[in-house]
Amino acid sequence: MISSFILTHKLQYAYAKSKEHRALDNVDLEINPDEFLLVCGASGSGKSTLCRTFNGLIPHFYEGKLQGQVFVAGESTTGQSVAGLSEKVGMVFQNAQAQLFNRTVELELAFSLESLGIPRAEIKNRIAETAEMMGIVEFLPRNPHELSTGEQQLISIVAVLATNPQIIVLDEPYANLDHVNVRKVRAALNMIHKQQKGVVVCEHRLPFTVSDVQRMVGLQRGTIVLNGAPEKVLQRDIEQFGLETPLSACIGRRLRLPNLPLDVPTLKKNAPAISYPVDLKPSLLHSAPSDSSFVLEVENVSFKSDDTKILQDISFALRQGECLAVVGANGAGKTTLLKHLNGLLRPSYGQIRVMGHDTSKFKVSDLARHVGIAFQNPDNQFFKLSVWEEIRVGARVLGRYDEPWLQELVELFGLKALLNRSPYQLSGGEKKRVAFAAALACKPKILALDEPTAGQDLNFRRALGEVLAHLREMRQAIFLVTHDLSFAEQQAHRWLLLSKGQIIADGPPWEVMADASAMAQTNLEPTDAFLLYGNP
Amino acid sequence: MLDPRTKLLLSIYYAVLIIASGHFGWLAMEWGLLLLFVIIIGEAKTYLRWLRMLMPMALFFGAVMWWSVGKDAAVVASLKLLALTSAFFAFFITTAPEDLGNSMVTMGMPYAVAFVMSTALQFVPVLSRKAKNVLDAQRARGIPLEPGWSSLRHYPAFLGPLLIQAFQLAEELAEAMEARGFGRPNRTFLKDYKLRPMDWMAIIVGFLILVTCIGLQ
């Protein structure tokens, strides 16, 4: 008899801060020792909380009320220490930066082993073995904080593997990664699974994960609402739970294919492109306005920092009413380009004109009237006690206070119920909405959003899409910076494809993706929609 | 290689020697030896960069001394300052912070103290990056946080988000440490910290040289 490695029985949990709200409610779940499992659900559905019960952080580290039981390897977690459990269940957190705290990758791998009091020779062996297996030997002497985001994510996984846990649990491992890095991490997880180990991935972006896993469990408000093999579960309507069915599965379902295809290659193998229903093809924007005036002109801009060229000979222009997306892998120079729009960075060479003004002649605070930027992390800007104060502070400082407009923004971003709350108490998606509203508060001609969808679920992406559509109707110029191609293909008139600081393609989304050599240079993968409908 | 504790002790010997020296010739030789050492271990470039940062302070210090006690004393004092800081530069460049901390743990220092010593340095760049991001985000919406007195009024906009994020980071770090067994008794270390015969010899020979040099002067 194969017994389950992790077992929860009538599990209920409420955080100390919100006693009446149950983060987990009556969860009965069994996880086998060598299972590849996806735990999915919209933001706030209880995924992260459930993860934290597997390695004992709940109840040992978090205060709160736990009812029911969690068994790991046959023993209740209440009777085991978190450190002891780390030999059975390894946990990789969402923020790689906070879990890498040693000076070298080697010491990072050693840390858990040292805590367990393992003899020196054994630690050395284990590090060598794990590093060899995961192909990271070259990283051992390097400082984890000098690695790229994708490499950091990989190292935090390997560091957890060093204690040789039977199951490894990952909390939203793909949230901050581009396609290249997602591919690397997926390959690593598949390899771990091949070693007869269990892998539990908590994620709400299904297209990245469903084809890897054996089973998926869906949560809604702390309760299990879906449980089974992806081929079975995806037959159901999962959008009601805030989850997005991968396009290939949607098409497969409509075509009533006997085995539901979970990714593009499988679908293409099983059904000819001609049979794909036209109404499932996502609608793209019509061509960009070509008669309106320019709000932004960038001419031959290069930027150097410490003798490293970060941007090279960038030229483009943005018209009123146009939505332009700058797409590219992590580290391509997207955010550097964004910071040039309002003078946070000045070009080493070339010229940028915002509303006809040369940015090199104006202060950032002057340019801020014309360019509203919302950076990726909204926590960087919150300092007022209420959401309402937070939204209007920028407009006040800039002397552009317009109460009716602010009310309109509150309406547009659905913030009415949140106005008196502290911005820090909001969920990740709510914070982003406040930051977007704040960026628009002084009626800038250009709205610039930096990775607006990173880590956000389907509901958020839909709502943001609607807001952007409304803004486009109002003739707002929008500058999107993103590696979320499926969002950018539906929201932008035009893409600038950025690779190593250079523009290597410029045009409507599907024309850019059709340029196979340019796409290969950036290491980005075309969207599922393009692969299925774009190549006749 | 020597144990980190030996290295610390040798640096202290050297510092004592420098403090005890009063002649220009001796000080120049002591500093010269340090320079030679830094060049031999291949850290000349780092040293020069660090020296450039220190130079203004040494010059200012020398100028004050010149004005108050005269030229000779000023030269000696500035040289002393340079040699003394260089001795500790040589120590820190050859010793990783966690090595110093962990070797002290084997002598009875609590591990938590050693951990703070080595980890604090790790998070300096992380926090300075965060500070930069906060500045950018606030300036982008028109809050004038350019350097200078006029922006002092707006400092809550900078310090608020930075402090709150530092606390968030600390919380996440604590959780990750807990999950990896921080604070469990009977910790072992990847590296072996032991005073070998080499270390004892260095400690004794170093001490004899120190006494001789001070005696000669």
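Helices (H or I, at least four residues) and strands (E, at least two) are DSSP runs numbered from the N terminus.

Please keep in mind that this is a predicted model, where local features need pLDDT of at least 70, side-chain atom pairs count only at pLDDT 80 or more, and totals for chains, interfaces and linings use all residues. Residues are numbered from 1 along each chain as its sequence is written, while chains are lettered from A and ligands numbered from 1 in the order in which they are written.

**Along H6 of chain B**
- A kink of about 30 degrees lies at B:Phe123, shortly before the proline B:Pro125; the bend is the angle between axes fitted to the seven residues ending there and the seven starting there.
- After H6(B) comes B:Gly142, with a positive phi near 95 degrees.

**The sheet in chain A**
- Here 6 strands form an open, mixed sheet in the order E6-E7-E8-E3-E9-E10; strands pair if DSSP finds at least two bridges between them.
- Strands E6 (89-92) and E10 (223-228) of chain A stand at the edges with a single partner strand each, so one side of each lacks a neighbour in the sheet.
- Strands E3 (residues 36-40) and E8 (residues 198-202) of chain A run parallel, joined by 4 bridges.
- In E8(A), A:Val199 stands opposite A:Phe36.
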